[in-house]
Amino acid sequence: MIQFTINGSPQQLDIDPDTPLLWAIRDSIGLTGTKFGCGMAQCGACTVHLDGKAIRSCVTPVTAAEGKSVTTIEGLGSAAAKAVQDAWVRLDVVQCGYCQSGQIMSAVDLLSRNPHPSDKDIDDAMTGNICRCNTYVRIRAAIKQASKALS
Amino acid sequence: MKQEGKTSLSRRQFLVMTAATGTGLTLGMLLPGCSREEPVQSQAGPGKAGGEVIAPIRFEPNAFVRIGTDNRVTVIIKHLEMGQGTYTGLATLVAEELDAAWSQINVEGAPADANTYNNLFWGKMQGTGGSTAIANSYEQMRKAGAAAREMLIAAAAKKWQVAEGDITVQAGLLRHQTGGHQASFGELAELAAQEAVPEDVLLKEPEEFRLIGTRVPRKDSNAKTNGTAMFTQDVKLPGMLTALVAHPPRFGATVKSFAAGKARAVPGVDAVVEIPNGVAVLGKDFWSAKKGRDALQIEWDESSAFTLGSDELLAQYKALSEKPGSVARNDGDVPGVLLSASKRLKATLEFPFLAHAALEPMNCVMQRHQDGVEIWNGDQFQTGDQKAVAGVFGIAPEQVKINMLYAGGSFGRRANPQSDYLIETAAIVKAVGGEAPVKLVWTREDDMRAGYYRPMYVHKLEAGLDADGNPVAWQHRIVGQSIIAGTVFEVGMVKDGVDVTSVEGASNLPYAIPNISVDLQTTTLPVPVQWWRSVGSTHTAFAVETFIDQLALAANRDPVEYRRTLLKGHPRHLGVLELAAQKSDWGSPMGAGRGRGIAVHESFNTFVAQVAEVTVHADRIFSVDRVVIAVDCGIAVNPDIVRAQMEGGMGFGLAAALSSEITFSEGHVVQSNFHDYTVLRINQMPKVEVHIVNSAQPPTGVGEPATPVIAPAVANALSAATGQRFNRLPLKLSA
Ligand code: FES
Ligand code: FES
């Protein structure tokens, strides 16, 4: 039995311990905002926060979450998260949308650590998140807008 | 193309339905050319929450607009939303003519129906592709909105006992100024549903538009920003099994035998079944199915499998490029004029296979019911897929119901003329038997290695210049597989042995050259191929636009000026060329190690020019710093979405210019995931500027046309910076 908190609620899972956290979240818990894109930490679609830090849930065994707190796109609520999601909508960043949960989780992580990122900080923090629709121009702009809104 | 003016709609063609539920009314409309009789059905329409049709006494699914007593206007969208913004664009067309408030508009994916929701450019087929969504729907959706508006006005006029002509409609409100009357759409929906169908629908003149041409916000932004948007990957049904398939290691191989014991022993694995293209493992969730698949032991029969490598293919293609192929265009006397030309230039260009690699790997959910089959999918080729799946089960296409979901990208992949991934799902459902829903999930590795690909091509070009450097002869030969051969599109799209998608962008060369020949050597391989965002232009634009630069250089002329002279008579090409040149400050000095390059190309009736600025760094590394894009797509229905598609489409092409390629080694696909099939990341994304040509022409598509232009623009910029020529994609600097 593995126990952790997800989006503030305690969770107990009786699950194969090598199940990646991604599939525990999607298939066992049933939260599907976190996406599967590559399964090998290459695309960032599966990004969630583990104790507040962005991780790739597709390569993180569910056991690594034991006793910790997991936040997914569905559980975002911080000021930084609100600023990011507002900016995302205002600038119509999304195209197909499939990468965007992961992009937003990475962006929120960045702004929580660094409220005023430079262009290079943004590129460095977001390089692990692929967008095949190439919405990168707007991702940059939205992070800047969110950063402004936070100050 | 006539867009404005009166259009007749007979009473029979326009039907009004009243759904007797709390949600109110449906204004259903059957447009000219789509008339058909249907048996009476007391059933809810697409996506409706139930309720029965009370007037008229037949179900008519050809509804594009539904107005509820709750004042919500629902627009039914016949095209797949895969990121290109069609849900927003098509809804804008309805809202414009209806004079609805944008905030009251909902959108809903249409069910599969070739008679009602067909792509008007494709005959009786429903599907999304070729950047046609806005173009084919432009009149259809506006008429739907205009007709509904007239019925609301007629209802209000009766209710208020006033003249129709004195009623105004604005942002979802009908008003009669002098009488002091006012009503929302919702308040009038029930009465409007009883109104006679307008005989004529008057569409707005472009100067009357208040939504078209403005930035209305996307309808899917919220759901795609808070994690609630539903993709095929997210479907969960009671009792659903997840299926992973072990595909043949090489194309053309088949299962000889397999042992399922170890796979079945994995906890959570429910079944192991053989299907025509491999072995499927079904589990209660992804991870059990994945572990089960890993435990499968399969012996493959590879006796007739594809065993070549990319190098061998390249040698074969190059040999073929020396021999004349089927003629796609032949103006004048190319061989004769080449002989007498003052200067002759040649180029042989190589293009690799490419994977679409949409971020949502291929998947599909399917369930067998007693009376048919139900599909949940981001489906791009609805009626073709419906037929294909019906074929597997031996049922009628109408018995296959498709529930439309968002697609996490496609770039052409989900419009597979062979319906490959749907047939695979159907084969699993059939093999398992029973009524459990099955979700097929491809891993990234499956997505990369099980096909389909943009074909590999070799191009051979030769041109002759006269003493003044003007081109007098142009010879262009293309070698590669046909995308269309063997598909339902073959009849219309393969002419005299020429697959038009292999030569588009080359055979319609816009440059004024008196002698032009374009021919095609079509190859046949067991490697499955398919259209990839911008199709033929993915390779022809690079060939044409880098070679024309090479000619300009040989003539000692500026690339923009050289093109300008040769594009007389092509005002829209010229328009974007001039705009991009001007906005990029073409001709201003760039500094050492930097270069600027231009390319202009038409695809899907949209004209795009791009100027790329590059910097060459140490160690044969370069960066693309800035891209200026000019686009002429007729009326820009939503300029912000046009911009988004220019940015994104360019980025998609840039990935292929910089690094993406699928290669073969002894028949095996070498690449498997994003570590070796590399795509564009944010740190490689240049600064982008988009300039839209002001136009009153009917709108054309923007999903694809930005993609093919960037590779030649970057190659030309690198040539300007380094003096090197670039003969293959992805681009590599030599030492
Ligand atoms: S799915 Fe985890 S990084 Fe791609
Ligand atoms: S929006 Fe489609 S992958 Fe990013």
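**Figure 1. Helices H9(B) and H10(B) are roughly parallel to each other (an angle under 35 degrees).** Helix H9 of chain B covers residues 382–393, and helix H10 of chain B covers residues 420–432. Their axes (lines fitted to C-alpha atoms over the stretch in contact, with angles from 0 to 180 degrees between N-to-C directions) lie 9 Å apart at an angle of about 25 degrees. Helices (at least four residues) and strands (at least two) are DSSP runs numbered from the N terminus. On the H9(B) side, the contact (heavy atoms within 4.5 Å) is made by Asp385(B), Ala388(B), Val389(B), Val392(B) and Phe393(B). Their partners in H10(B) are Leu422(B), Ile423(B), Ala426(B), Ala427(B), Val429(B) and Lys430(B). This is a predicted model, in which local features need pLDDT of at least 70 and side-chain atom pairs pLDDT 80 or more, while totals for chains, interfaces and linings use all residues. Residues are numbered from 1 along each chain as its sequence is written, chains are lettered from A and ligands numbered from 1 in the order written, and side-chain values use heavy atoms, without hydrogens and water.

**Figure 2. Helices H2(B) and H3(B) are roughly perpendicular to each other (65 to 115 degrees).** The axes of H2(B) and helix H3 (residues 185–192) of chain B come within 9 Å, crossing at roughly 90 degrees. From H2(B), the residues Met151(B), Leu152(B), Ala155(B), Ala156(B) and Lys159(B) take part. They meet Phe185(B), Leu188(B), Ala189(B), Leu191(B) and Ala192(B) of H3(B).

**Figure 3. The largest nonpolar core has 210 residues.** Such a core is a set of buried Ala, Val, Leu, Ile, Met, Phe, Trp, Tyr and Cys residues joined through side-chain atoms within 4.5 Å; buried means under 20% relative accessible area (1.4 Å probe, protein chains only). Among the members that touch the most others are Trp88(A), Phe353(B), Trp474(B) and Leu731(B). Helix H2 (residues 133–160) of chain B gives the most to this core, with eleven residues. Beyond its neighbours within four places in sequence, Leu731(B) contacts several residues, including Phe542(B), Phe622(B), Leu718(B) and Phe726(B). A second, separate core of 35 residues includes Ala390(B), Tyr421(B), Val429(B) and Ala450(B).

**Figure 4. Helix H1 (residues 21–29) of chain A is mostly covered.** Seven of the nine residues of H1(A) are buried, among them Leu21(A), Trp23(A), Ile25(A) and Asp27(A). These buried residues pack against several elements, including strand E1 of chain A and helix H6 (286–295) of chain B. Just after H1(A), Gly30(A) takes a positive phi of about 90 degrees. Within strand E1 (residues 2–6) of chain A stands Ile2(A), which is buried, with a relative accessible area of 6%. Residues touching Ile2(A) include Leu13(A), Ile15(A) and Val62(A).

Figure 5. Most residues other than glycine have a negative phi, and most peptide bonds are trans. Phe411(B), which is not a glycine, has a positive phi of about 60 degrees; Ser419(B), also not a glycine, has a positive phi of about 50 degrees. Phe411(B) lies in the loop between strand E21 (400–404) and H10 of chain B, and Ser419(B) is likewise found in the loop between E21 and H10. Phe411(B) is buried, with a relative accessible area of 9%, and Ser419(B) is buried, with 1%. The peptide bond from Gly451(B) to Tyr452(B) is cis, with omega near -10 degrees. The bond from Leu729(B) to Pro730(B) is cis, with omega near -5 degrees.

Methods: Buried < 20%, exposed > 50% of the residue type's maximum accessible area, 1.4 Å probe, protein only. Parallel < 35°, antiparallel > 145°, perpendicular 65-115°, else oblique.
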